[in-house]
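Welcome! Here is a short briefing to read alongside the sequence and the 3D view.

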Amino acid sequence: MNCKQALPLMHEYLDGDLQGSEALDLKQHLLTCPECHAIFRQMETTDALVRSIPAPVASSDLTDRIMGSLPPVKKRSPWIQWVRKHPAVSVAAVFLLTMAGSFGSMWNNNTELMVRGTDLDRVIIQGDKVIVPKGETVKGNLVVENGELVVEDNANVEGNLVVIDGNMYLASTAHITGDKIRIDQALSWLWFKINEMVH
Amino acid sequence: MNLVETRLAKLARNGDRGAFEELVNLYKDKIFHLAYRMLGNKQEAEDAVQDTFLRVYNNLDRYDENQKFSTWIFRIGTNLCIDRLRKRKPTYSLDAEMPDSDGNDFYAMLASKDNLPVDQIILSETQQVIRRAIDTLPEKYKSVVILRYLHDMSLQEIGDVLKMPVTTVKTRVHRGREYLRKKLEADGNFSK
């Protein structure tokens, strides 16, 4: 072993990381090399001196100063803690609430009569009453919101009839080729809207 | 894993001031010792200790119970000291370069005053020399040397605190030791 190899081993030894045979090799070298031996003694002394430095004493009021510098205790509501622990569920809940809220407000705000259809010139509107007059033929669907739909004798509707939040009066001789649908609850209205969006 | 400290940290997280004060009492001297050696003066060290606990308190939510509390608080303390060292570098570097042959430099005077009254602690000249040698250690060796020698941490623990590989810690311990040895040798502190 030469002096260059010995130096890192001295450090390893002082770290407490030198294993059996290498430790022996180092010992052999130190016994035969006064320079390395001197350096090794200096290192040992350095280590001992550094370790011997006494711990300084902090001011006695340090704890009080630390405690005094803390911000006031924040009372966190269990709700916020729950939200922190379940971020995904929280996001989903907020989304659903927003959706439900916007649908809800749409449902509540619509109190004016609305008529939709492909063949509206054949229909008579009186106040909130939508009339398909006697013997008239309406082609396509007819949708009435917030009003009454009256289909008179022998009138024909070649499509679906939908009444939202209102009533439907069909004469016994009226002829409807499609479905007759009446919606007056928020939930089924929602279902209808979603279907409408999808199609 | 130290269960007591983890339990105290949990209590403190839920707003228990008493539990936090216990943590302060368990760690303030250790962090002060660290900061004092890193920064070389008492006032700044106490400020750093205060900052450390404030940061611990504000981040209790983020404390990972799977790691040792001591590793976490030492990391915060070390980082704050390193920040302070970096901030003041331009004004203090001249000081550090000055020859300190007769032991009457700024650091030595400050250091000896700090420990008054000296009933129990009488600093030998050699100890003052080693303290000054540590003060002049380059920052990256300083933290490693302090954690290793003054806080008796294993190389692995130091790696955890400083978030660096053990091999890097080892290299820095070796270089730090070599630096200090040469400094002591230059000051004629090794007889013969």
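How many helices and strands are there in chain B? Chain B has nine helices and zero strands, where helices (H or I, at least four residues) and strands (E, at least two) are DSSP runs numbered from the N terminus. This is a predicted model, in which local features need pLDDT of at least 70 and side-chain atom pairs count only at pLDDT 80 or more, while totals for chains, interfaces and linings use all residues. Residues are numbered from 1 along each chain as its sequence is written, chains are lettered from A and ligands numbered from 1 in the order in which they are written, and side-chain values use heavy atoms, leaving out hydrogens and water.

**Chain B as a whole**

- Along the sequence, the pattern of chain B reads α-α-α-α-α-α-α-α-α.
- Chain B has 192 residues, and 53% of them count as buried (buried means under 20% relative accessible area, exposed over 50%, and partly exposed in between, with a 1.4 Å probe and protein chains only).
- Among the contacts in chain B with a separation of 6 or more, 66% come from residues 24 or more positions apart; a contact means heavy atoms within 4.5 Å.
- Carbon and sulfur atoms hold 49% of the accessible surface of chain B, which comes to about 9,600 Å² (Shrake-Rupley method with a 1.4 Å probe; for residues, only the protein chains shown count as cover).

**Two packed helices in chain B**

- Two packed helices are described by the angle between their axes and the distance between the axes.
- Helix α7 (residues 139–150) of chain B packs with helix α9 (residues 166–186) of chain B at an angle of about 95°, and their axes are 9 Å apart. Axes are lines fitted to C-alpha atoms, for helices over the stretch in contact, and angles run from 0 to 180 degrees between N-to-C directions.
- α7(B) and α9(B) are therefore roughly perpendicular to each other (65 to 115 degrees; under 35 is roughly parallel, over 145 roughly antiparallel, and the rest oblique).
- On the α7(B) side, the residues making the contact include Y141(B), V144(B) and V145(B), and on the α9(B) side they include V169(B), V173(B) and L180(B).
- By class, seven nonpolar, one polar and five charged residues take part in the contact of α7(B) with α9(B). Here Ala, Val, Leu, Ile, Met, Phe, Trp, Tyr, Cys and Pro count as nonpolar, Asp, Glu, Lys and Arg as charged, and the others, Gly among them, as polar.

**Residues to find in chain B**

- R131(B) sits in helix α6 (residues 125–136) of chain B and counts as buried at 4% relative accessibility.
- L180(B), one of the α9(B) contact residues, is 49 residues from R131(B) along the chain, with 9.9 Å between their C-alpha atoms.
- T6(B) belongs to helix α1 (residues 3–13) of chain B and is buried, with a relative accessible area of 10%.
- Not counting residues up to four places away in sequence, T6(B) touches Y63(B) and E65(B).

**Places to visit in chain A**

- From UniProt, in an unreviewed entry, comes the feature "domain: Putative zinc-finger" at residues 3–37 of chain A; such annotations may be inferred rather than shown by experiment.
- Residues 3–37 of chain A are 86% helix and 0% strand, and their end C-alpha atoms lie 10 Å apart.
- S90(A) is in helix α6 (residues 87–109) of chain A and counts as buried at 11% relative accessibility.
- E112(A) lies in the loop between α6 and β1 (114–117) of chain A and is exposed, with a relative accessible area of 66%.
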